[in-house]
Amino acid sequence: MNNTTPNSFKNQPDDRGHFGEFGGRYVAETLMPLILDLEREYRAAQQDPAFAAEFDDLMKHYVGRPSPLYHAERLTEALGGAQVWFKRDELNHTGAHKINNCIGQILLAIRMGKTRIIAETGAGQHGVATATVCARFGLPCVIYMGAEDVKRQSPNVFRMKLLGAEVVPVTSAGATLKDAMNEGLRDWVANVHDTFYIIGTAAGPHPYPEMVRNFQSVIGTEARAQMLDRVGRLPDLLVACIGGGSNALGLFHPFLDDADVKMLGVEAAGHGLDGDEHAASLLGGSPGVLHGNKTYLLQDKDGQITEGHSISAGLDYPGIGPEHAWLKESGRVEYTAVTDKEALDGFQLLCRTEGIIPALEPSHALAAVSQRAKQMGEDEIILMNLCGRGDKDIFTVAEKLGVEM
Amino acid sequence: MTRPPSPLTAAFHKGHPALVAFITAGDGNTAANLDALVAGGADVIELGMPFTDPMADGPAIQSANLRSLGAGTTTADVLQYANEFRERHPDVPLVLMGYANPMIRRGPEWFAKAAKGAGVDGVICVDIPPEEDDALGPALRDAGISPIRLATPTTDAKRLPQVLEGSSGFLYYVSVAGITGLQQAATGSIEEAVAALKAATDLPIAVGFGVRTPEQAADIAKVADGVVVGSALVEIIGEYGAQAPAKLQELTSALAHAVHTARA
């Protein structure tokens, strides 16, 4: 050890929920006592071995964890360069990483005696995961979803309804994820006495960003142990896509103090960062306050929020979790962005080389992996979070490829 | 340190309860609408800064925000409406109400200075609770603008001192846990809440959220120092557009009369 070793990257946020200058609790006074109560209950749950035991048990027997660590040999060969490995979170129950967080939050809701669950959803994956855990625990569930997303993601809307959730299409403003989140907050403010809001990503007011990250950290904790077990060393580069950023934080966080492990977060560049039609808050946005936290946002010069665009409904949120904003400014994680077209290419490449149909969200990470692998040596290892499966996206992809279904 | 009472506080000490009237800047003919509120007898004007994501607002004020932004309203426009209002009405207290992001976009000091320059007396920022006061509060206080805080049915006695710390002008009691414009709390619970607030502060207490009619306003004015009406006025602008000022003045008159005479 020497005294130039940086402080840990894992000790954020501070006790006010700040990640450096980001994060915090920017909510209306009505919600403030609730947020404080939630934090107290979460701290108590963290200290309670029974809470962890129930979480672990559900992870194993209901979600199907640990998810496999997979060496994508044919993809590696096709790309020529670094070995590509996947953390297979698309094999979880409900088909994405979202369920990890939902299990954690619903256990907390039950612990707090809440009897009604609400959530927002963009692509529908978080809505499906929330509806799933509500069915599992017998709690009524209301999902707010932008009316545009309801149209784009009809299979997931039907799934949520099958699971017994009420899906409320939100028509205000652009009728997408941010508007669904506004409506979720409005519901919560009016029903604070009995309602728990399961936020789907590592954003929102403290303690949500920290709490969601911690629940999702099961991804990185497993992957780190699996890597050491399988190849006897840590990967050289971690790659994950970023909308709000929970799957990326889940993978990255347990590795943050492994100085030799580089990390790359991949935002959605939509039609390109040079225009307005993208969803890259970090690379194409600036700091501001929205939905309870200070973070990078897509906004105009007056602080009005602009609509994100991405082929992936799960990535077109105009903000990002505050911990990513801090990780960017601290330089610990590198961020890049790939276009709709590059993501579609990544999607097809994985289908054909590995027999895995990925969601459009991790297809963005795949596009970045394709670029980086070629620049790295064959003895180097890239570990990518394959955070969702693509069944929900086949209609979107067919349309983009000009195929009638 | 004791300061001379601000014009904002004085508006609640005219010998009768005060009517606080809210409209959104840039929605309809803002200058004419503001003049109609003053002509109708409003004691304090709250001018809403439009925001794309008004999370604490119900459908009426959400729509007003979107109409305003759809018409191209900028922060410069809002400040100009305030400035021109101040020139026309040197003595009517003016409060800007809105959300954090448009207020801090160019830095809190920039905003505080610009608002002061435009004659603004107080600022209500919905999504900056006392915990995040650093984001705007110090800049407002340095500029001589009152940061006005919200207290709600969920604000308990333990938390109230924190809400009051660093606030001035008046205290805005949100009578229902919910969004603007939808339902109204029972007068009994409001009376109880106001009494609890008055035990903790000398600031005037204005009560809002869900107050629509002169009758409701009068009931609240019996127990509070002021009554805030927003959604009902904003709906008039939505319905009548350019013809709104006359209708606004009519409702404001009825509300002001009800509030001013509630205890007579």
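In this predicted model, strand S2 of chain A and strand S12 (residues 292-297) of chain A run antiparallel and are joined by two bridges. Within this pairing, Tyr26(A) is found opposite Gly292(A) of S12(A). The two strands belong to an open sheet of four strands in chain A, ordered S1-S2-S12-S11 and paired in the antiparallel sense. Its edges are formed by strand S1 (18-19) and S11 of chain A, each of which pairs on one side only. A helix accompanies this sheet: helix H13 (residues 322-330) of chain A packs on it and touches S1, S2, S11 and S12 of chain A. The direction of H13 makes about 45° with that of S12(A).

Chain A also holds an open sheet of six strands, and here the pairing is mixed. Reading across it, the order is S3-S4-S14-S9-S10-S13. Strand S3 (69-71) and strand S13 (334-339) of chain A are the edge strands, each pairing on one side only. From one strand to the next, the twist averages 25°. Inside this sheet, strand S9 (residues 237-241) of chain A pairs with strand S14 (residues 381-385) of chain A in the parallel sense, over three bridges. Val239(A) has Met384(A) of S14(A) standing opposite.

Attention can now turn to the meeting of the two chains. In all, 28 residues of chain A are in contact with 33 residues of chain B. On the chain A side, at least two residues each come from strand S2 (22-26), helix H1 (32-46), helix H8 (177-190) and strand S11 (286-290). The most is given by H8(A), with six residues. By residue class, the chain A side comprises 14 nonpolar, eight polar and six charged residues.

Two packed helices are described by the angle between their axes and the distance between the axes. The axes of helix H2 (residues 30-40) of chain B and helix H4 (residues 75-88) of chain B come within 10 Å and cross at roughly 45°. H2(B) is therefore oblique to H4(B). The crossing of H2(B) past H4(B) is right-handed. H2(B) contributes Thr30(B), Ala31(B), Leu34(B) and Asp35(B) to the contact, while H4(B) contributes Tyr81(B), Glu84(B), Phe85(B) and Arg88(B). Sorted by class, the residues of this contact are four nonpolar, one polar and three charged.

Methods
Residues numbered from 1 in each chain as written. Chains lettered and ligands numbered in written order. Predicted model: local features only at pLDDT ≥ 70, side-chain atom pairs only at ≥ 80, totals over all residues. Contact = placed C-beta atoms within 7 Å. Nonpolar A, V, L, I, M, F, W, Y, C, P; charged D, E, K, R; others polar. Axes fitted to C-alpha atoms, helices over the stretch in contact; angles between N-to-C directions. Parallel < 35°, antiparallel > 145°, perpendicular 65-115°, else oblique. Left-handed = near helix turned anticlockwise from the far one by under 90°. Pairing = 2+ DSSP bridges.
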